[in-house]
Amino acid sequence: MGGAIHADRGRRALLTGLAGARAAFVAATPVAAAPARRGARVPLDLSNVDRLLDAYVRTEGDSSGADVFCWAEGSIFAWIPGVGGYHLFDQQRCAVRRFERSAHGWLHQHSDAGVYIDKGTGKLLELWRNPFTGRDVEVSQPVNAAVSREHLPDQQGSALGTDYWDKGDTVCFYRNVFVARAADMKIAQYPLQSQADLQEFGELDNFFASRSALEQRDATSVPMVGCHSRIGQWPPWMRMGQQRGYLIAQLRFKKVAGVGDLHPVLRDYWLQRDPSIFVAPRGITAPASERGEPRA
Amino acid sequence: MSQRTPGDDRRELLQMLAMGAGGLFSATPALAAGQGTGPMRVSGRIGRGANTIDFTDPSQKLDAFIKVEGDQSGAEHFLYGYGTITAYIDGMPDRRLFDTELYAVRRYRRIDGGWLRLHREAGIYRDPTTRAILTKWRNPWLERDIEPINILQEFSRRYRVADLGRAFNIGVSVNDDDVFMQRSFFVVRPSELNPRDYPVHGQDHFYGLSEYVNFFAKASDIVNPKLTAAPAVGVTNSVTGWFPWLEMGTAPGQLVHQTRFTKVASLADIPADFVAAVRAQDPKFLAAPTEFAEPDLATTGERYYKAVIDRRLGR
């Protein structure tokens, strides 16, 4: 992976950065309306696609090119139409992302990782009793080590575009991505791990910011809270076979200053295993399928 | 590290298939499906001194939820939002069908042991590109125009402190000045439009809904004694079967709904064409109920759909 960081060097850098990062965050302004400085306010025109993308970048990330961390937590449910819904376990999640200008838009690079936790105790789930099969399964913690995409003005109006909704001081950027593609794990070879030969999922994201915060001319990053919703098939590690139903994730998130502001269970787990996920990737990597590697 | 072999996998698969659908769920009585989920972990105490809220106290948590989701003063108030509806069909590409615009008008009243919510909702559908209100929608699978049935619902309910953690749950997370509240619930009940009696409009003998509602507010607003309503934004995500008016019959598929919303002061903050459409259908839905109606007498979306479809069918 381009820009890979040596694990030990990365871990030391992260740990020494924690104290400074927290001090900087305490001085940040909340999502609610921020007091305007005289002469520093530029009206927000979201009908202009370049300004829309700029505002979106400052909401989800930082237009200066700095790494931005996101804290997230939520719950994971099973929904089986005609049968019912079940709260299975919870999740802690983090993301680090970086935006930089490209020739025609913005390059967005991020890594994200999570841990599943017991919904009652809050402890890391490493072995989970699957109530639908009656068996213990080893839990595979979620990670997306390097994700890159380019946001381009001519994507507006397509499924790749960024939509927005605003009312009063509230601006919400949202994105719905639905995927249907040939599964890497076919039922014939993976009867327990694969629900279908077509992998399908939908991810719906909402990012809320304050219009008055976005109108601060010098604000390369504004406070943000949001919500991630995912509907998809059973993950392979649940060993559900072709049982009907959907796994639904509901996560809420916000920007935070750095690794020190993440959940301790998640932070400790990934600092041990792969601290490089706490640094936004540099350089674009091809999708796993084009590198000849199976997707997780 | 796992020491499983392919033979272990095959034996496990055969055993699972032999259990059958009934056995899978009868083996898990602890996972009774229905209203509410939980427990959802609660975190945090916010504020200081006399203005402190402890979310582990059910009464304080419920009062705070009412302040975030509504208004403790009893005043009429509105939630207004805009969303998308996508068809999600196993084995087929997904399709964004249309947008939806919704508002809820309600008032809360404190009662012994909790709160009454007197609530009405209205919703319309819009073209995702032109944002025009849909009076006709082209069903891409049937290749014919369908007349949408807008959303009109009235369902008041009681929120009792004693029911928290049983009939309903409120999850709360706190991160500095940000407070996140969530509710999730699942409904599986006999359908008002079963496919035997409504072959064009009924998808299944069971109506199903899974819904997840998220609220975002500031701790400093929630503990502020001068506020009876905290500024809040939110997102509702839900998964249902086909709307009956889509005329999809028993074709497989789900609808994925997502709506982002905020509090607004009055109807003047809601687009005029939306308000006019509701006024033309039933002006009762421009205001919150003044009296509580027991849930089994209330109008639900499905019952309203049935009433309209029965009229269209001449029943």
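This section describes the chain architecture, the interface and selected side-chain arrangements of a predicted model.

Chain A contains 4 helices and 11 strands. Of its 296 residues, 52% count as buried. Among the contacts in chain A with a separation of 6 or more, 69% are accounted for by residues 24 or more positions apart.

Strand 1 of chain A, spanning residues 68-80, includes Ser75(A). With a relative accessible area of 3%, Ser75(A) falls under the 20% limit and is therefore classed as buried.

Aromatic pairs were searched for over the whole structure, and 39 were found over all chains. In one of these, the ring centres of Phe77(A) and Tyr212(B) are 5.0 Å apart and the ring planes meet at 45°, so the pair is tilted. Because Phe77(A) belongs to strand 1 of chain A and Tyr212(B) to strand 12 of chain B (residues 206-218), this pair joins two chains. Both Phe77(A) and Tyr212(B) are buried.

A further pair is formed by Phe215(B) and Phe261(B), whose ring centres are separated by 5.5 Å; the planes lie at 70°, so the arrangement is edge-to-face. This pair links distant parts of the chain, with Phe215(B) in strand 12 of chain B and Phe261(B) in strand 14 (residues 254-264), 46 residues apart. Phe215(B) and Phe261(B) are both buried. They also belong to one aromatic cluster, together with Phe65(B), Tyr108(B), Trp115(B), Tyr159(B) and Phe168(B).

Two arginine residues of chain B are placed over aromatic rings. The charged end of Arg157(B) sits over the ring of Phe168(B), 5.3 Å from the ring centre, and Phe168(B) is itself a member of the aromatic cluster. Arg260(B), in turn, lies over the face of Tyr174(A), at 3.5 Å from the centre of that ring.

Helix 2 of chain B comprises 12 residues, 58-69, and extends 16 Å from its first C-alpha to its last, close to the 16 Å expected at 1.5 Å a residue. Of these 12 residues, 9 are buried, so the helix is largely enclosed by the rest of the structure. The buried residues include Leu62(B), Phe65(B), Ile66(B) and Val68(B), as well as the charged residues Lys61(B), Asp63(B), Lys67(B) and Glu69(B). Phe65(B) is also one of the residues of the aromatic cluster. At the start of helix 2, a side-chain oxygen of Asp57(B) comes to within 2.9 Å of the backbone nitrogen of Ser59(B).

Elsewhere in chain B, Pro140(B) occupies the loop between strand 6 (137-139) and strand 7 (144-146). Its relative accessibility of 28% lies between the 20% and 50% limits, and Pro140(B) therefore counts as partly exposed. The C-alpha atom of Pro140(B) is separated by 9.7 Å from that of Arg95(B), a residue 45 positions away along the chain.

How values were computed
Residues numbered from 1 in each chain as written. Chains lettered and ligands numbered in written order. Predicted model: local features only at pLDDT ≥ 70, side-chain atom pairs only at ≥ 80, totals over all residues. Heavy atoms only, no water. Buried < 20%, exposed > 50% of the residue type's maximum accessible area, 1.4 Å probe, protein only. Phe/Tyr/Trp six-rings, centres within 6.5 Å; stacked < 30°, edge-to-face > 60°. Lys NZ or Arg CZ within 6 Å of the ring centre and 35° of its normal. Expected span 1.5 Å × (residues − 1). Polar contact = N/O pair within 3.5 Å; in protein donor to acceptor, adjacent residues only side chain to side chain. Contact = heavy atoms within 4.5 Å.
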